[in-house]
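Hi there,

Here is the structure I promised to pass on to you. Have a look at it first, and then read on for what turned up in it.

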Amino acid sequence: MNLANTEPKPVISLQDVDKYFGEFQALKKINLTVAKGERIVICGPSGSGKSTLIRCINRLEEHNSGTIIVDGHELTDQVKDIDAVRREVGMVFQNFNLFPHLTIVENLMLAPRLVRKTAKDEARKHAMKLLERVRIPEQADKFPSQLSGGQQQRVAIARALCMNPAIMLFDEPTSALDPEMINEVLEVMTDLAKEGMTMICVTHEMGFARSVADTVVFMDAGEIVERNTPEEFFSNPQQQRTQNFLKQILSH
Amino acid sequence: MNFDFSLIISSIPLLLEGLGLTIQLWVISGVLGLLLAIGLMLMRISGKWFLYAPAMIYIYIFRGTPILVQLFIIYHGLPQVEFIRESFLWVVLREPFGCGILALTLNTGAYVSEILRGGVIGVPKGLGEAGAALGLSKVQRFIYITTPLAVRLAIPAYSNDVISLMKSTALVSTITLLDMMGIARVIVSETYAPYEIFISLMIIYLVITWATQKAFAVFERRMSRHIIQ
């Protein structure tokens, strides 16, 4: 059943990962492998640990036990490894988190200039190319507050791509958007998937999951309850909890 | 009561002879106090008890006691201590000017550190996370993301403290310095015209405050370019 096992070497692997917030156990013995180029959608009710899981992958949250290996680096307390991993992993947040005091193009240039020491002109050229890719080059010199939510989220995707990451994490990228803006963001994400990007998306966009994902993972109460191909996942869910969840989100 | 309007006008040039000293005290202790405040604020947010505990105690003491008392302890009290008289500190403390600068700096540093901390706390956590996810180091995130946004948030409260510091400089007249307040007191003792002289003094302070407010308004507008109404 696990598609990743057929691949030679996973780019992300989590083994028996536990995560606590005080007394509360947010992740329980999570095992997950992601192959290069694989697209995984994680869904589940709120509070199920989906966001915590992907935030552990770039160590915005520190796991308490188990091992996480990303692109050959094991995540430990060593700062050097964390920075190396973070350069390889792009992340898109629910609330965009664009830097409000920088223009759009400056948002994209900041990390390449500081982290990779890219020259200003080159960083700008690269940033403009990415803005074209997310279809908003004309907004380059505006501030984030002048853009719509959908535009801001596309900028956030471009900003994450600026570091040429091997892996992209999406943490509910469309949840804070007005309905009419969801598609423009999903289109950009679909483009990325077609280009072969390794992606992990926490999302409730089941249409996106169906058309783009290789694997759908269902989480509940800190556990991975079920994982399957989208076809099987939606048409033939194995677990009671999965069935209940699908009934609730697909009933309208 | 005889009220002499012409005295209000004619005393202004005399009072302005103390303006230089007032401005020196204000600017020097303002700059030093800001540096102290940045250090205290970094200690406060360090998350390490041996850094934040001393900073908190310091802030508690200097916010919790009158600046006039602090000034008197520095001016009258410290020179009694022998090792201070023999140390390099004596260079500063043997002059009332040095005592004034020290008291104002220590006091404003305590207040401003809390203002800066308020600004830093006000920056949304997600922005730091976005920086971290891009591979920026902790220091880079603090300099390029937190600081510019925290500065913007802190400006209104900080301008308040800068104006407050300017007025506090008048206290140094109690330790023999002839700032504008010191000169006013000398003139009053010679003319027996406290109303006119102190009204002139108020006018000068108000003009300085007005200019300061204007300057901060410009600064605030500049730092707010990204906030589109």
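Before the contact between the chains, one definition: buried area is the accessible area, taken with a 1.4 Å probe, that two parts lose on being put together, summed over both. Please also keep in mind that this is a predicted model.

**Where the two chains meet**

With that definition, chain A and chain B bury about 1900 Å² between them, and carbon and sulfur atoms give 69% of this area. A:Phe99, A:His101 and A:Leu114 supply 27% of what chain A buries against chain B, which is more than any other three residues. In residue terms, the contact takes 24 residues from chain A and 20 residues from chain B.

How many salt bridges are there between chain A and chain B? The count is 1. In a salt bridge across the two chains, the side chain of A:Arg55 meets that of B:Glu129, at 2.6 Å from N to O. The polar contacts between chain A and chain B come to 4 residue pairs, with both residues at pLDDT 80 or more.

Which elements build the side of chain A that touches chain B? Helices α2 (79–88), α3 (104–115) and α5 (149–161) and strand β6 (89–92) of chain A each supply at least two residues. The largest share comes from α3(A), with 4 residues. By class, the residues on this side of chain A are 14 nonpolar, 5 polar and 5 charged.

**Chain B**

The largest pocket has a volume of about 1100 Å³. It is lined by 30 residues, and those closest to its centre are B:Gly128, B:Ala132, B:Lys138, B:Arg141 and B:Thr146. Both chains take part in the lining: α2 of chain A supplies at least two residues, and so does each of α2 (19–45), α8 (125–133) and α9 (138–168) of chain B. The largest share, 6 residues, is from α9(B). Sorted by class, the lining of the largest pocket has 13 nonpolar, 5 polar and 12 charged residues.

The second largest pocket holds about 300 Å³ of space. Of its 14 lining residues, B:Leu34, B:Ile38, B:Leu116, B:Thr147 and B:Val151 are the closest to the centre. Helices α2, α7 (96–122) and α9 of chain B each give at least two residues to this lining. Here too, α9(B) gives the largest share, with 7 residues.

**Details within chain A**

Over all chains, a search of the whole structure finds 17 salt bridges. One to look up is the pair A:Arg133 and A:Glu195, whose side chains meet at 2.5 Å from N to O.

Finally, a word on the backbone. Most residues other than glycine have a negative phi. A:Asn164 is not a glycine, yet has a positive phi of about 50°; you will find A:Asn164 in the loop between α5 and β7 (167–171) of chain A. A:Ala221, again not a glycine, also has a positive phi of about 50°. The place of A:Ala221 is the loop between β9 (215–220) and β10 (223–228) of chain A.

Technical notes
Residues numbered from 1 in each chain as written. Chains lettered and ligands numbered in written order. Predicted model: local features only at pLDDT ≥ 70, side-chain atom pairs only at ≥ 80, totals over all residues. Heavy atoms only, no water. Contact = heavy atoms within 4.5 Å. Salt bridge = Lys/Arg side-chain N within 4 Å of Asp/Glu carboxyl O. Polar contact = N/O pair within 3.5 Å; in protein donor to acceptor, adjacent residues only side chain to side chain. Nonpolar A, V, L, I, M, F, W, Y, C, P; charged D, E, K, R; others polar. 1 Å grid on protein atoms, 1.4 Å probe; cavity = no way out; pocket = protein on both sides within 12 Å on 5 of 7 lines; lining within 4 Å. Points joined across faces, edges and corners; volume = space filled by probe spheres on them.
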